[in-house]
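User: I am new to this structure and would like a guided tour. Could you take me through it step by step?
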Amino acid sequence: MSETVRAPTVPPTVPTPRKVAVLGAGSWGTAFAKIAADAARVDADSDPAWKVVLWGRDEAAMNLMAETGTNDRYFPNVRLPGNLEFTANQREALTGADVVVLALPAQVLRDQLVSVADAVPEEAVLVSLAKGLERGTGLRMSEVIAEALPGSEGRIAVLSGPNLAREIIQEQPTASVVAAVSEPSAGMVSRVCATPYFRPYTSADVVGVEIGGLVKNVIALCVGICEGRDYGDNSKASIMTRGLAETTRLASALGGRPETLAGLAGMGDLVATCSSPLSRNHTAGRLLALGLSVEEVSARMTQTAEGIKSAPVVRDLARRHGVEMPIVEAVTSVLAGEITVDQLQPMLLGRRLKAETPHGGPEGTNAPGQ
């Protein structure tokens, strides 16, 4: 860590964990494990304030990480902190953990939690890094965790924001939001990820933070398609802006706060995911625009583009709540093979003329015809 830039000050009332377990050794899980390990080192000469263990299912890969101190699959040129431990034994990772970070794909989260429910410490704070909805139920990740681990509702936190793992692992300055209904839970998570290069803010708006993080993946697919079709910056900016409006309407309908979507978990995450070539969903959109099928896109990419799986679930959720989301509808139609990429444009712009902001109320309202 940098010796000239100090980490954000954490209030002394926030408890210090003894151990942080990060489940999932993909790109974001590895990056977060590095953050937590760096945050544990108050200075270069002190012992770590807490233990950090990164779990991955591939035993050979985890043994290699322990031997080399690098995750060769995702970040071959990055040396991970010496105080970061590695294991392929999930129960070993969970033992004694005060904070359990879930860096698992949205569609496997429930099964993973159920399989180790008896090993998750009863008082541990549970942190979701996944950005998606569960297929079949339409539940957000915090809701999945609450169902898989009964009694955990007050200990669940979600982290979201402009979190491009490759930039964070290089210690480029980044800010994000930790949301939880419990202030102590949000505070503890903030403590374990406050470093000179990573600045967490706290929020009580779990719904808004989660909706912002999951819908932006679908909007990024659309922006990637636009880029793949050589549409210019006007087109991409229009999609991002109207995509943010759709996201805000859905979040508001579910009880989220419109102002949350104007912050890091909404606009911040949307801009990063839609604009960066490092974004998996942006990349998937470009591949779709080149004529690849959904199956071919998935086969070519080494990481999951959550927007592909989330799009139809977001569409169904919006329909159930009477929220118009034309961009999400259009992207879902492309993914389902109902329309071609060339037919996407008229679906996005061929709607009736109306005011950008409804008269007498904010965009975040749920009035018909927005």
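Analyst: One term is needed at the outset: a residue is called buried when its relative accessible area is under 20%, and exposed when that area is over 50%. Please also keep in mind that this is a predicted model. With that cut-off, Ser176 is buried, because its relative accessible area is 0%.

User: Where is Ser176 found?
Analyst: Ser176 belongs to strand 7, which covers residues 174–180.

User: How far is Ser176 from Asp269?
Analyst: Their C-alpha atoms are separated by 8.7 Å, while the two residues are 93 residues apart along the chain.

User: Which helix holds Asp269, then?
Analyst: Asp269 is placed in helix 11, residues 264–275.

User: Is Asp269 buried or exposed?
Analyst: Asp269 counts as buried, because its relative accessibility is 1%.

User: What does Asp269 touch?
Analyst: Neighbours within four places in sequence aside, the contacts of Asp269 are Lys131, Ser160, Gly161, Pro162, Asn163, Gly213, Lys216 and Leu264. With Lys131, the side chain of Asp269 makes a polar contact of 2.9 Å.

User: New topic: how many helices and strands does the chain have?
Analyst: The secondary structure comes to 16 helices and eight strands. The radius of gyration is 20 Å, close to the 21 Å that the globule rule gives for 370 residues, so the chain is as compact as a globular protein of that length. Along the principal axes, the C-alpha atoms fill a box of roughly 65 × 45 × 40 Å.

User: What share of the residues is buried?
Analyst: Of the 370 residues, 55% count as buried. As for contacts between residues at least 6 apart in sequence, 74% of them join residues at least 24 apart.

User: Now the strands. Why is strand 2 described as largely enclosed?
Analyst: Strand 2 spans residues 51–55, and four of its five residues are buried, so the rest of the structure largely encloses it.

User: Which strands pair with strand 2?
Analyst: Strand 1, residues 19–23, pairs with strand 2 in the parallel sense over five bridges. Strand 3, residues 84–87, also pairs with strand 2 in the parallel sense, over four bridges.

User: Which residues face each other there?
Analyst: Val22 has Leu54 of strand 2 as its bridge partner, and Trp55 stands opposite Thr87 in strand 3.

User: How many aromatic pairs are there?
Analyst: The structure holds two aromatic pairs. In one of them, the rings of Trp28 and Phe32 have centres 6.1 Å apart and planes at 90°, so this pair is edge-to-face. Trp28 and Phe32 are four residues apart in helix 1, residues 27–40, and therefore about one helical turn separates them. Trp28 counts as buried because its relative accessibility is 11%, and Phe32 is buried because its relative accessible area is 0%. The rings of Tyr74 and Phe75 have centres 6.4 Å apart and planes at 50°, so that pair is tilted. Tyr74 and Phe75 are both buried.

User: What happens at the two ends of helix 2?
Analyst: Helix 2 covers residues 59–68, and at its start a side-chain oxygen of Asp58 comes to within 3.1 Å of the backbone nitrogen of Ala60. Just after helix 2, Gly69 takes a positive phi of about 75°.

User: Where do Glu171 and Asp230 lie?
Analyst: Glu171 lies in the loop between helix 6 and strand 7, and it counts as partly exposed because its relative accessibility is 29%. Asp230 is in the loop between helix 8 and helix 9, and Asp230 counts as exposed because its relative accessibility is 70%.

Notes: Residues numbered from 1 in each chain as written. Predicted model: local features only at pLDDT ≥ 70, side-chain atom pairs only at ≥ 80, totals over all residues. Heavy atoms only, no water. Buried < 20%, exposed > 50% of the residue type's maximum accessible area, 1.4 Å probe, protein only. Pairing = 2+ DSSP bridges. Contact = heavy atoms within 4.5 Å. Polar contact = N/O pair within 3.5 Å; in protein donor to acceptor, adjacent residues only side chain to side chain. Phe/Tyr/Trp six-rings, centres within 6.5 Å; stacked < 30°, edge-to-face > 60°. Rg over C-alpha atoms; globule rule 2.2 N^0.38 Å.
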